[in-house]
Amino acid sequence: MFAWYLTGEWTHRLIALQLNEMTVTLEDGSQIPVRQKGLIGRSVAGPFTRDMIRDMLNRLAYTGKTPYYGTSENARYRHRKEPIEICEGLHQPIITPETFYRAREICLLKTHVPYNSQSPIHLFPLTGILYCAQCGSHMRGASKGQDKLRYYMDASQVDCTCQCPQKLVRAELIEEQILTWIKQVLAAANNSELSQIYANQAIYENRFHRAQELYLAGEISREIYDKEKNAGQISLNSCRIRILILK
Ligand SMILES: [Zn+2]
């Protein structure tokens, strides 16, 4: 695969098609097509796709090394960044570092698109988030027509990996729908938080009234009553502030 790519004549898509055409012969003589086994949480097993080939060409691990990416300030993995450190792995290399870096160089040269005010760069915020409901493939951003309208299209159709009937989806429409949905989820979360705060407020008020009754009946000391009163006031104030923020 790297050898094909290094010729500069193979695209990610052609490599995927070629790999999907290949077969392996089992001991009993039967032949099965070459397939990828998928990545937990990222992709399902099946034919190779263009995205997968791009990903594989970027895997330093094939050179026998192990990249360490570390975590960002908010403790998340630093995806798509340069590794902080490269360590010797314990596994067998399958390509040389020269091959790897040469492939990356070709990839960078091919993907470099100079900025042009006549055709501004389109952003597709749902790439990597949106999946086709029919076949489970990624929905990928694409600009079409003279007006360069933004669409999301089924990646399986682009890669010709299945005959999915999924149509093009206008980007503005689906992005608006997802935004509305996110707003609804956030509003619902706010509502359930609000009702929890109201419930707490009622508990604190009851507790304060109960302390008042006990104090008036002479069953608790002034000191205990004051403590309850102060603690109750602090809790009620914090409830009021949170209600003001959420409303
Ligand atoms: Zn599909």
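**Close-up views of a predicted model**

**View 1. The open sheet of β5, β6 and β7.** Three strands form an open sheet in the order β5-β6-β7, with antiparallel pairing. The strands β5 (139–144) and β7 (169–170) stand at the edges with a single partner strand each, so one side of each has no neighbour in the sheet. The structure shown here and in the other views is a predicted model.

**View 2. The pairing of β5 with β6.** β5 and β6 run antiparallel and are joined by six bridges. Within this pairing, Arg140 stands opposite Met153 in β6. The hairpin of β5 and β6 has four residues between the strands, and Gly145 takes a positive phi near 75° there. In a regular strand, side chains alternate between the two faces of the sheet.

**View 3. The pairing of β6 with β7.** Strand β6 covers residues 149–154 and pairs with β7 in the antiparallel sense over two bridges. Tyr151 has Arg170 in β7 as its bridge partner.

**View 4. The largest nonpolar core.** Nine residues make up the largest nonpolar core: Tyr5, Ile15, Ala16, Phe48, Met52, Ile53, Tyr62, Phe100 and Ala103. Two or more of these residues come from each of the helices α2 (12–21), α3 (50–57) and α4 (97–111).

**View 5. The surroundings of Ile53.** Which residues are in contact with Ile53, leaving aside its neighbours within four places in sequence? They are His12, Ile15, Ala16 and Phe48. Ile53, Ile15, Ala16 and Phe48 belong to the largest nonpolar core.

**View 6. Asn20 and its contacts.** Asn20 is found in helix α2. Is Asn20 buried or partly exposed? Asn20 counts as partly exposed, because it has 18 C-beta neighbours inside 10 Å, whereas a buried residue needs 20 or more. Leaving aside neighbours within four places in sequence, Asn20 is in contact with Pro33, Pro47 and Phe48. Asn20 and Gly46 are 26 residues apart along the chain, and their C-alpha atoms are separated by 9.2 Å.

**View 7. Helix α6.** Helix α6 runs over residues 171–216 and has 46 residues. From its first C-alpha to its last, α6 reaches 67 Å, close to the 68 Å expected at 1.5 Å a residue. α6 is hardly covered, with two buried residues among its 46. Just after α6, Gly218 takes a positive phi of about 80°. Residues three or four places apart in an α-helix point the same way, because the helix has 3.6 residues a turn.

**View 8. The two domains and the whole chain.** The protein chain is divided into domain 1 (121–167) and domain 2 (180–246). The centres of domain 1 and domain 2, taken over C-alpha atoms, are separated by 50 Å. Seven helices and seven strands are found in the protein chain, in the pattern α-α-β-β-α-β-β-α-β-β-α-β-α-α along the sequence. The C-alpha atoms fill a box of roughly 90 × 50 × 50 Å along the principal axes. The radius of gyration is 29 Å, whereas a compact globule of 247 residues would have one near 18 Å. Of the 247 residues, 12% count as buried. Among contacts between residues at least 6 apart in sequence, 47% join residues at least 24 apart.

Key: Residues numbered from 1 in each chain as written. Predicted model: local features only at pLDDT ≥ 70, side-chain atom pairs only at ≥ 80, totals over all residues. Domains from an automatic or database assignment. Pairing = 2+ DSSP bridges. Core = buried A, V, L, I, M, F, W, Y, C linked by C-beta atoms within 7 Å. Contact = placed C-beta atoms within 7 Å. Expected span 1.5 Å × (residues − 1). Rg over C-alpha atoms; globule rule 2.2 N^0.38 Å.
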